[in-house]
Amino acid sequence: MSHTRWKLSRERRTAEGGAEPPEVVAEWEQIRLAHALGQLVYDRRVALGLTPSALGLRIGMSEDEVEAVELGGLLPLTADLLVRLSGALDVTVDLHVVSDGRNTLVFEERAA
């Protein structure tokens, strides 16, 4: 048996013309955005020369919580978290939420 032909039930359902339920699509989008946020936080923290614990002090989180954010494991994303990260990392957080599901999350450095 060739395992290269195995498909996840999700892939099989999509290939057969089926659609995911809206709540599943929304959950996958939350996960995707959490991973995108995690990469942005990690990249900016490293660029600023901060340790996870130093960033944690700035935003009122433990080092483990900062690492959870960076790994995309902190759900749900909240406006409060985005505001605290914006201040601590000195960035503008640009979140575009659109009806077709192609949401984007970007950090922009603030002008000096």
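Buried means under 20% relative accessible area, exposed over 50%, and partly exposed in between, with a 1.4 Å probe and protein chains only. Helices (H or I, at least four residues) and strands (E, at least two) are DSSP runs numbered from the N terminus. This is a predicted model, in which local features need pLDDT of at least 70 and side-chain atom pairs count only at pLDDT 80 or more, while totals for chains, interfaces and linings use all residues. Residues are numbered from 1 along each chain as its sequence is written, and side-chain values use heavy atoms, with hydrogens and water left out.

Q: Which residues of helix H3 are buried, and what puts them on the same side of H3?
A: In H3 (residues 52-59) the buried residues are Pro52, Leu55, Gly56 and Ile59. They lie on the same side because they cover an arc of only 105° around the axis, the arc being that of the directions from the helix axis to the C-beta atoms. In general, an α-helix has 3.6 residues a turn, so residues three or four places apart point the same way.

Q: What do the buried residues of H3 pack against?
A: They pack against helix H2 (22-48), helix H4 (63-70) and helix H5 (79-89), where contact means heavy atoms within 4.5 Å. Towards H5, the residues Leu55, Arg58 and Ile59 meet Arg84, Leu85, Ala88 and Leu89.

Q: How is the packing of H3 and H5 described?
A: The angle is about 120° and the axes are 9 Å apart. Axes are lines fitted to C-alpha atoms, for helices over the stretch in contact, and angles run from 0 to 180 degrees between N-to-C directions.

Q: Why does Glu70 count as buried?
A: Its relative accessibility is 14%, and the limit is under 20%; therefore Glu70 counts as buried. Glu70 is found in helix H4.

Q: What makes the pair Glu70 and Arg45 a polar contact?
A: Their side chains are joined at 2.5 Å. The term requires a pair of N or O atoms within 3.5 Å; within protein, one must be able to donate a hydrogen and the other to accept it, and residues adjacent in sequence count only if both atoms are side-chain atoms.

Q: Why is Ser62 called partly exposed?
A: Ser62 has a relative accessible area of 34%, and the class lies between 20% and 50%, so Ser62 is partly exposed. Ser62 lies in the loop between H3 and H4.
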